[in-house]
Amino acid sequence: YPKYKLYYWLCILFGSRKQIFLTFAPWVMVTTFHRNTQTIAMLLTIGAVIGIVYQPWLGRAIDRFGEKKILAAEAVTVVFVCAGYGLSKQFFSEDTAFYIAAFCYIVDQMLMSVGMARTTYLKKIAEDKSHIKPTLSMAITLDHIFSIGIAVAGGAVWAMTDYKWVFLAGAGI
C-alpha cells in the first residue's frame, strides 16, 4: 500500500540500525574491548531488568507525547549511541571507553522497544483494519532485507577500514 511509504521507511531504517546493534556492537565488545561472552550476557541481563520498568514507561510516553516525538527522540539517541560505540576508544582510556560502550549497549537494547511506536503509528494511519496485517508483513520483509544488506556492507567496511566507520555510518542512517 503506497499510503504507508513513511511507515515502510521507518522500518527500513530500524532494520538497518538494528543490525548494527545485533552484529557489530557485540563484535566491538569482543574484538576491540577483549570482553568475553559472559560480559555480553551480563549486559543483556541488565538491559532486560531495566526493560521491566522502561517498557511500560515507554508505552505511557508514546500515549502522552505521540509516536513522532518518541521516534525523533530515538533517532537522536541512536546518533549518540553509535558515536559512543565508534569513538569512545579514541577519546578515553580503554576502561572508560569500555564503560561508555557498555552503557551504549544497554541504551541500544532499550531502543529496540521503540518498535511499539512504529506499530501504533501504523495503527493510527491505517485506512482500514485489513491493511494492518499485510503492511506489518511487508515492513518485516523490508526490515530483514535491509538488515542483511547492512550486515554485509558493515562487515566489508570494518574489514577495509576500522570499526568506528561502521558506527559512524549507523549514526548517519
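Residues are numbered from 1 along each chain as its sequence is written, and side-chain values use heavy atoms, with hydrogens and water left out. Because the model is predicted, local features need pLDDT of at least 70 and side-chain atom pairs count only at pLDDT 80 or more, whereas totals for chains, interfaces and linings use all residues.

Two packed helices are described by the angle between their axes and the distance between the axes. Axes are lines fitted to C-alpha atoms, for helices over the stretch in contact, and angles run from 0 to 180 degrees between N-to-C directions. Helices are DSSP runs of H or I with at least four residues, numbered from the N terminus.

Helix 1 (residues 5–32) packs with helix 3 (residues 67–91) at an angle of about 25°. Their axes are 12 Å apart. The two helices are therefore roughly parallel to each other (angles under 35 degrees count as roughly parallel, over 145 as roughly antiparallel, 65 to 115 as roughly perpendicular and the rest as oblique). The crossing of helix 1 and helix 3 is left-handed, a term used if the near helix is turned anticlockwise from the far one by less than a right angle. On the helix 1 side, the contact (heavy atoms within 4.5 Å) is made by L10, F14, R17, F21, A25 and T32. Helix 3 contributes L71, E74, V78, Y85 and K89. These residues of the contact of helix 1 with helix 3 divide into 7 nonpolar, 1 polar and 3 charged. Here Ala, Val, Leu, Ile, Met, Phe, Trp, Tyr, Cys and Pro count as nonpolar, Asp, Glu, Lys and Arg as charged, and the others, Gly among them, as polar.

Helix 3 also packs with helix 5 (residues 115–125). Their axes come within 9 Å and cross at roughly 150°. That makes helix 3 roughly antiparallel to helix 5. The crossing of helix 3 and helix 5 is again described as left-handed. E67, I70, L71 and E74 of helix 3 meet A117, R118, T120, Y121 and K124 of helix 5 in this contact. By class, the contact of helix 3 with helix 5 has 4 nonpolar, 1 polar and 4 charged residues.

The model has 6 salt bridges, each a side-chain nitrogen of Lys or Arg within 4 Å of a carboxyl oxygen of Asp or Glu. One of them joins R17 and E74, at 3.9 Å from N to O. This pair links distant parts of the chain, with R17 in helix 1 and E74 in helix 3, 57 residues apart. Both R17 and E74 are buried (buried means under 20% relative accessible area, exposed over 50%, partly exposed in between, with a 1.4 Å probe and protein chains only). R17 and E74 also belong to a network of salt bridges with D108 and R118.

A salt bridge also forms between K124 and E67, at 3.0 Å from N to O. K124 lies in helix 5 and E67 in helix 3, so the pair ties together parts that are 57 residues apart in sequence. K124 counts as exposed, at 60% relative accessibility. E67 is buried, with a relative accessible area of 7%. The side chains of K89 and E94 meet in a salt bridge of 3.4 Å, N to O. K89 is partly exposed at 29% relative accessibility, and E94 is partly exposed at 33%.

T32 lies in helix 1. The residue is buried, with a relative accessible area of 8%. Not counting residues up to four places away in sequence, T32 touches W27, K89, E94, W158 and Y163.

S147 is placed in helix 6 (residues 132–160). At 5% relative accessibility, S147 counts as buried. Its contacts are G15, K18 and Q19, leaving aside neighbours within four places in sequence.

A75 lies in helix 3. At 43% relative accessibility, A75 is partly exposed. The C-alpha atoms of A75 and F14 are separated by 9.5 Å, with the residues 61 apart along the chain.

Most residues other than glycine have a negative phi. H34 has a positive value, near 55°. H34 is found in the loop between helix 1 and helix 2 (37–65). H34 is exposed, with a relative accessible area of 59%.
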